[in-house]
Amino acid sequence: MHFKKSVLKNHLLYSIITLMAIAMLFPITAFAQAYVQTWDLVDSGKHLDYDGNSTYMSYINTGAATWNAYKSGVIRKDSAFVVEDVYVSDVNASNGWAGMNIF
């Protein structure tokens, strides 16, 4: 089928107006929650020593390097000489959580 451009423009305009009217009649509301933790992962020496097997470890290493450029030695990769404070791993969960901490 071949339509004239003006017919297509009118149809598109009608569709946009209809969608806007529906959006005003049935607004969509999104909810989000944030929690303030009452604990931290920094040890008594004021360091956070980490290790892990996450597929995102390169991003964690980059983030640690960025922070350490601001204040050196706070976030450190785990070694044989320090106790690991955080272990990062991937979890496939469909419970709505973006992360968790296990003590």
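Not counting residues up to four places away in sequence, N68 touches G73, V74 and I75, a contact being defined by heavy atoms within 4.5 Å. W67, also in helix 2, is by contrast partly exposed, with a relative accessible area of 41%; with residues up to four places away again set aside, W67 touches V74 and I75.

The model is predicted, so that local features need a pLDDT of at least 70 and side-chain atom pairs count only at pLDDT 80 or more, whereas totals for chains, interfaces and linings use all residues. Residues are numbered from 1 along each chain as its sequence is written, and side-chain values use heavy atoms, with hydrogens and water left out.

The secondary structure of the protein comprises two helices and three strands, and from the N terminus on these elements follow the order α-β-α-β-β. The three strands form an open sheet in the order 2-1-3 with parallel pairing, two strands being taken as paired if DSSP finds at least two bridges between them. Strand 2 (75-77) and strand 3 are the edge strands, each of which pairs on one side only, and the twist from one strand to the next averages 35°. Strand 1 and strand 2 run parallel and are joined by three bridges; D49 has R76 as its bridge partner in strand 2, while the partner of Y50 in that strand is K77. Helix 2 lies across strand 1, strand 2 and strand 3, and runs at about 160° to strand 1, where axes are lines fitted to C-alpha atoms, for helices over the stretch in contact, and angles run from 0 to 180 degrees between N-to-C directions.

Burial was then examined for the chain and for its elements. Of the 103 residues of the protein, 11% count as buried, yet strand 1 is mostly covered, with four of its five residues buried. Among contacts with a separation of 6 or more, 72% are accounted for by residues 24 or more positions apart.

The largest nonpolar core consists of six residues, namely L48, Y50, M57, A64, V86 and V88, such a core being a set of buried Ala, Val, Leu, Ile, Met, Phe, Trp, Tyr and Cys residues joined through side-chain atoms within 4.5 Å. At least two residues of this core are supplied by each of strand 1 (48-52), helix 2 (57-70) and strand 3 (86-88). V86, one of the core residues, is in contact with L41, L48, D49, Y50 and D51 when its neighbours within four places in sequence are left aside.

H47 is found in the loop between helix 1 (5-25) and strand 1 and, at 22% relative accessibility, counts as partly exposed. Beyond its neighbours within four places in sequence, H47 is in contact with L41, V42, G73, V74, R76 and D85, and its C-alpha lies 5.8 Å from that of I75, although H47 and I75 are 28 residues apart in sequence.

S54 occupies the loop between strand 1 and helix 2 and is buried, with a relative accessible area of 9%. A polar atom of the S54 side chain lies 2.9 Å from the backbone nitrogen of Y56, and, with neighbours within four places in sequence left aside, S54 is in contact with V88, S89 and D90. V91, which is placed in the segment after strand 3, is exposed, with a relative accessible area of 55%; V91 and S54 are 37 residues apart in sequence and 9.0 Å apart in space, C-alpha to C-alpha.

Notes. Buried means under 20% relative accessible area, exposed over 50%, partly exposed in between (1.4 Å probe, protein chains only). A polar contact is a pair of N or O atoms within 3.5 Å; within protein, one must be able to donate a hydrogen and the other to accept it, and residues adjacent in sequence count only if both atoms are side-chain atoms.
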